[in-house]
Amino acid sequence: MIRDITIGQYYPARSVLHRLDPRVKLVCTFLYLISLFLFKSIPGYVVATIFLVSIIKLSRVPFSYIMKGLRPIIMLLMITVIFNLFLTREGDVLFSKWIFTVTAGGLRNAVYMAVRLIYLILGSSLMTFTTTPNELTDGIEKLFKPLQKIKLPVHEMAMIMSIALRFIPILLEETDKIMKAQIARGADLESGNIIHKAKAMVPVLVPLFISAFRRASDLAMAMEARCYHGGEGRTKMKPLRYKKRDYLAYGVMIFYVTAVFFIGRYVPFKIWIF
C-alpha cells in the first residue's frame with residue numbers, strides 16, 4: 001500500500017507536458033479541476049474523459065503508474081459512493097429494503113461523484129508527475145508574486161510547499177523500511193481489529209517521527225550553512241519565460257473548458273437514469 005502512493009513523485013520523461021512552463025501547468029490544472037464541477041451529464045463526462053486520456057498520452061507517463069495512485073483512495077471512493085447512493089432521495093425508487101433505499105437520483109449522483117473524484121486525483125497527480133519540485137516552487141512563487149505588495153512571504157510559502165512535496169516520497173520510503181524492519185523482528189501489523197492495528201502502528205510511527213525531525217534538522221542546518229536567508233535579493237539560474245507552446249497550452253485549456261461547459265449543459269442526452 002505504501003508503494004502505491006504516488007502523490008508528490010516526479011516521473012522523468014521527454015514529453016510536451018514536461019517542457020511546459022510550471023505556471024501553465026498550475027493554472028491549467030486549476031482550470032481542469034474547476035471544469036469537473038461545471039456539468040453533470042454524460043456528454044460532459046465524455047469530453048472530460050477524451051481530454052484526460054489525451055493529456056495522459058501526451059505526458060508519456062505509463063497509464064498503469066498513474067492508476068496505481070488510485071489504490072490508496074479506494075476506501076474514500078467507496079464511502080463517497082455509499083453516502084450518495086443511500087442518502088440521496090431523488091427520482092424513482094429503484095430498490096428498497098429495511099432502511100436502505102436506492103433512488104434514480106442517488107444512483108446518478110453516486111456514479112457522477114465517483115467518476116469526478118477519480119478524475120480529480122488523476123488530473124492533479126499528472127501535474128506532479130510532469131513537474132519537478134524546483135519547477136513547482138518557481139512556478140508558485142512567480143504566480144503569487146503580486147501578493148508581495150501586501151507583505152506576504154511568497155518565496156517562503158513556495159519553499160515550504162516544495163519541501164513538503166519533496167518529503168512525501170522520502171517519508172513513504174522510510175515508512176516502508178521501518179515496517180519491514182518491524183515485521184522482521186516479529187511485529188504483527190496486519191491481523192486483528194482496528195484498535196489492534198492502531199496499537200501495532202505505534203512502533204512504526206515513533207521511529208518515523210524521529211527520522212522526520214532528524215531530516216528536517218539536517219535540512220535546516222544545510223540551508224543555514226549555505227547562507228539561505230529567504231527570497232530577498234535571490235536570482236534564478238533558469239528564469240521562467242513563456243514560449244509559444246505555453247500560450248498554445250493556455251488556448252487549448254480555454255477551448256476545453258468552454259466546450260465541456262456548453263456540451264455538458266446544453267447537449268441533450270438521455271439514457272436510463274442519466
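Reader: Is Arg71 buried, partly exposed or exposed, and how do you know?
Author: The relative accessible area of Arg71 is 46%. Buried means under 20% relative accessible area, exposed means over 50%, and partly exposed lies in between, with a 1.4 Å probe and protein chains only. Arg71 is therefore called partly exposed. Its place is in the loop between H4 and H5.

Reader: What should I know about the model itself?
Author: This is a predicted model, where local features need pLDDT of at least 70 and side-chain atom pairs count only at pLDDT 80 or more, while totals for chains, interfaces and linings use all residues. Residues are numbered from 1 along each chain as its sequence is written, and side-chain values use heavy atoms, with hydrogens and water left out.

Reader: What makes up the secondary structure of the protein?
Author: There are eleven helices and two strands. Helices (H or I, at least four residues) and strands (E, at least two) are DSSP runs, numbered from the N terminus. The order from the N terminus is α-α-α-α-α-β-β-α-α-α-α-α-α.

Reader: Why is Arg60 called exposed?
Author: Arg60 has a relative accessible area of 57%, so it passes the mark for exposed. Arg60 sits in the loop between helix H3 (42–59) and helix H4 (63–68). Together with Arg14, Arg19, Lys243 and Arg245, Arg60 forms a positive surface patch.

Reader: Which residues form the nonpolar patch on the surface?
Author: They are Ile74, Met75, Met78, Ile79, Ile82, Phe83 and Leu87, with about 730 Å² of accessible area together. Areas come from the Shrake-Rupley method with a 1.4 Å probe, and for residues only the protein chains shown count as cover. Ile74, in helix H5 (residues 74–87), has a relative accessible area of 44%, so it is partly exposed.

Reader: Which residues touch the most other members of the largest nonpolar core?
Author: Of its 30 residues, these are Tyr32, Ile66, Leu126, Met253 and Tyr256. H3 gives the largest share, seven residues. A nonpolar core is a set of buried Ala, Val, Leu, Ile, Met, Phe, Trp, Tyr and Cys residues joined through side-chain atoms within 4.5 Å.

Methods
Patch = residues over 30% accessible without salt bridge, like charges linked within 9 Å, V, L, I, M, F, W, Y side chains within 5 Å. Salt bridge = Lys/Arg side-chain N within 4 Å of Asp/Glu carboxyl O. Lys, Arg positive; Asp, Glu negative; His and termini not counted. Charge placed at Lys NZ, Arg CZ, Asp CG, Glu CD.
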